[in-house]
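Student: I would like to work through a structure step by step, with questions that I can check against the sequence and the model. Could we begin once both are in view?

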Amino acid sequence: MTRAAVSTADPSAKQGLRARVVLRRGTLDLSVDIDARAGEVVGLLGPNAAGKTTFLRALAGLTPIMAGHVVLDGAVLEDPAVGVRTAPEERSVGLMFQDYRLFPHLTVLDNVAFGLRARGVKRSPARQSAMEWLAKVGMADAAGVRPRALSGGQAQRVALARALVLRPRLLLLDEPLAAIDGSARADLRRDLHRHLSWFDGTCLLVTHDPLEAVTLADRLVVLEDGHVTQSGSAEEIGAHPRTRYVADLVGVNLFRGRSAGTTIMLPGGETIVAADERYHHGEVFAAIHPRVVSLFREAPEGSPRNVWPGAVEVLDAIGDRVRVQVHGPMPLLVEVTPAAVASLALDEGGEVWAAVKAAEVVVYPA
Amino acid sequence: MTAAGLAPVDLAAPDHAARRPAAGRAAGRRAALPASGRRARHRAPAGLVPLAALAVAFLALPLVAVAVRTPWGALAEELAAPGVLAALRLSLVCSLGALALSFFLGLPLAWVLARVPFRGRRIVRALVILPMVLPPVVGGVALLLAYGRQGIVGHLLEQALGITLPFTTAGVIVAEAFVGMPFFVVTVEAGLRAMDGRYEEAAASLGAGRWTTFRRVTLPLLAPSLGAGAALCWARALGEFGATITFAGNLPGSTQTMPLAVYLALQTDTTTAVALSAVMLAISLTVLVVLRDRWFRLP
């Protein structure tokens with residue numbers, strides 16, 4: 001598509017966001033491509049300082065981009081190459097900040113009405129719309145109070161109403177539940193999910209909580225060190241993690257090495273034997289789920305093709321399972337039953353053998 | 001030299017306004033010590049406490065002396081004297097005029113200093129602060145050289161616009177603004193820096209343009225700083241002596257403000273001088289009380 005076609009608002013132009021953001025800020029080198037349809041909720045997942053917030057700020061126009069483009073519903077909002085840059089206040093983009101930033105000198109009602117007033121809506125209709133949205137998020141009773149008097153969860157609801165009342169075409173949520181503690185979190189997540197299901201624009205949601213990402217987003221994009229390292233559905237990402245961060249997030253053991261036949265050579269000299277022969281040469285990932293690892297006190301004989309010695313480092317109870325961190329040439333996270341811990345007499349520092357059947361190793365190209 | 005000859009130096013010294021907040025701070029800290037229980041944890045080295053007490057006495061005694069010697073019974077009568085009311089009115093008009101000028105020019109300056117990075121910003125800030133440390137008489141001389149009838153700008157003002165500043169009421173306002181505006185700018189700039197633009201960004205993301213953001217977010221959030229800066233600026237303008245007498249003279253009715261009237265009265269009638277001083281002291285105390293939350297909430 002040419003730029004001319006984009007700017008003439010071609011009715012067949014894809015509704016949604018087309019963004020390529022390149023910018024440098026301090027030590028962060030951000031270069032991110034994201035396309036998202038209208039009505040889609042994209043979860044942006046990544047470790048701290050990966051550039052998630054900076055990316056949202058760039059889409060909102062608060063941080064200028066050095067190269068690339070931001071196109072929303074077919075209209076170019078920013079493109080340094082052709083000198084286009086729409087001011088933040090002229091973009092149909094709603095940004096909910098991680099710290100919400102409700103105006104402390106305005107009541108809850110006037111906070112929500114602020115955007116409408118700024119866009120020239122008269123006081124009384126603006127307040128009426130604001131009141132409707134406060135009712136939708138369940139905060140109508142607090143209309144007259146100042147933000148200072150609100151709890152974190154209440155402030156979050158008000159901030160959401162304040163962003164949604166303007167009916168933005170792009171909604172950016174920066175860790176919407178990060179400031180909320182445990183008990184209220186589940187309720188807020190459920191409500192947020194309900195509001196997002198009504199929302200017909202494009203939504204980008206930053207989080208570092210995998211549960212939040214999986215429950216709220218239709219699709220995930222993993223951002224690490226300023227770059228997209230993986231994207232896809234939660235299932236795809238969970239099944240085939242491509243970085244240490246994602247592997248830790250979904251709790252699987254991830255190794256990268258060179259495949260030769262069914263043997264994968266790791267950089268440290270260790271080998272993993274897999275049954276899958278589809279990827280018999282080249283760089284591959286090998287993922288080993290903690291539940292498929294068996295532990296033994298003595299070196300096992302017979303069927304398993306992968307047997308590694310190690311020492312138990314940490315024991316952790318997770319639900320009805322026990323998580324065992326095995327330290328050694330092949331560091332492994334293992335999940336066993338409490339009964340197994342008892343029968344093996346596992347204790348921290350004790351020596352064990354970890355065994356994995358070749359058929360249980362998941363291999364995919366790097 | 002007689003006692004009356006020495007006294008004016010103490011009473012009418014133009015730096016009395018600067019001394020007042022220091023006295024207030026010392027008193028506030030002393031009151032806070034036992035209440036917060038710090039005394040037990042930070043044992044003062046021997047000799048420090050008596051010296052601190054001496055400092056408080058040194059700062060507070062002159063003020064007590066004014067209160068003690070004020071002719072309370074005859075106060076109304078003293079203040080009703082013809083020249084006194086004129087001086088009081090002129091002081092109010094000029095100090096408020098100086099405040100208005102400081103607000104009008106100082107707010108944009110504070111905003112630029114706080115928000116717009118540019119080369120030489122530190123130099124500009126130093127220039128702005130300079131009148132705070134400059135002896136006011138020198139300020140008056142400088143004003144004459146700039147805006148006087150033969151001044152580098154003054155003669156143009158007079159030729160082109162027919163405006164004469166020195167030895168006029170407008171000149172008093174200029175002199176007071178010259179000395180008072182830095183207090184306003186410095187206070188408001190600090191307030192703007194403390195706001196760090198978070199709420200302005202939120203306003204922009206909600207569709208508010210720069211002017212709407214400034215009016216509906218920046219200014220309301222800045223109100224405490226604006227109030228404090230205005231009070232400091234106004235109090236300094238009200239007490240202005242050196243720059244005023246140098247640049248605007250001492251003409252009763254048009255340039256003779258309260259501090260000048262106090263000084264003049266002291267030459268002839270000590271009672272009147274003390275009565276006028278008591279009024280000024282009351283005004284200063286009022287400002288202090290209004291601003292107590294800001295100055296006494298020490299880190």
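Student: Which residue is the bridge partner of Leu254(A) in E15(A)?
Tutor: In this predicted model, strands are DSSP runs of E with at least two residues and helices are runs of H or I with at least four, both numbered from the N terminus. Strand E12 (residues 253–260) and strand E15 (residues 281–288) of chain A run antiparallel and are joined by eight bridges, where pairing requires that DSSP finds at least two bridges between two strands. Within E15(A), the partner of Leu254(A) is Ala287(A).

Student: How are residues and chains labelled, and how is the model's confidence handled?
Tutor: Residues are numbered from 1 along each chain as its sequence is written, while chains are lettered from A and ligands numbered from 1 in the order in which they are written. Because this is a predicted model, local features need pLDDT of at least 70 and side-chain atom pairs count only at pLDDT 80 or more, whereas totals for chains, interfaces and linings use all residues.

Student: Why does one side of strand E14 and of strand E21 of chain A lack a neighbour in the sheet?
Tutor: The sheet is open and has five strands with antiparallel pairing, in the order E14-E13-E12-E15-E21 of chain A. Strand E14 (271–273) and strand E21 (362–365) of chain A each have a single partner strand, so one side of each is left without a neighbour because both stand at the edges.

Student: Which residue in the turn between E10(A) and E11(A) has a positive phi?
Tutor: Strand E10 (residues 219–224) and strand E11 (residues 227–232) of chain A run antiparallel with five bridges between them, and Val222(A) stands opposite Gln230(A). The two strands form a hairpin with two residues between them, and the residue with a positive phi, about 50°, is Asp225(A).

Student: How far apart are the C-alpha centres of domain 1 and domain 2 of chain A?
Tutor: An automatic or database domain assignment supplies the bounds, giving domain 1 (3–102 + 150–239) and domain 2 (252–365) in chain A. The distance between their C-alpha centres is 38 Å.

Student: What percentage of the residues of chain B count as buried?
Tutor: Chain B has 16 helices and zero strands. A residue is buried if 20 or more other C-beta atoms, placed from the backbone, lie within 10 Å of its own, exposed if 12 or fewer do, and partly exposed in between. Of the 299 residues of chain B, the buried share is 35%.
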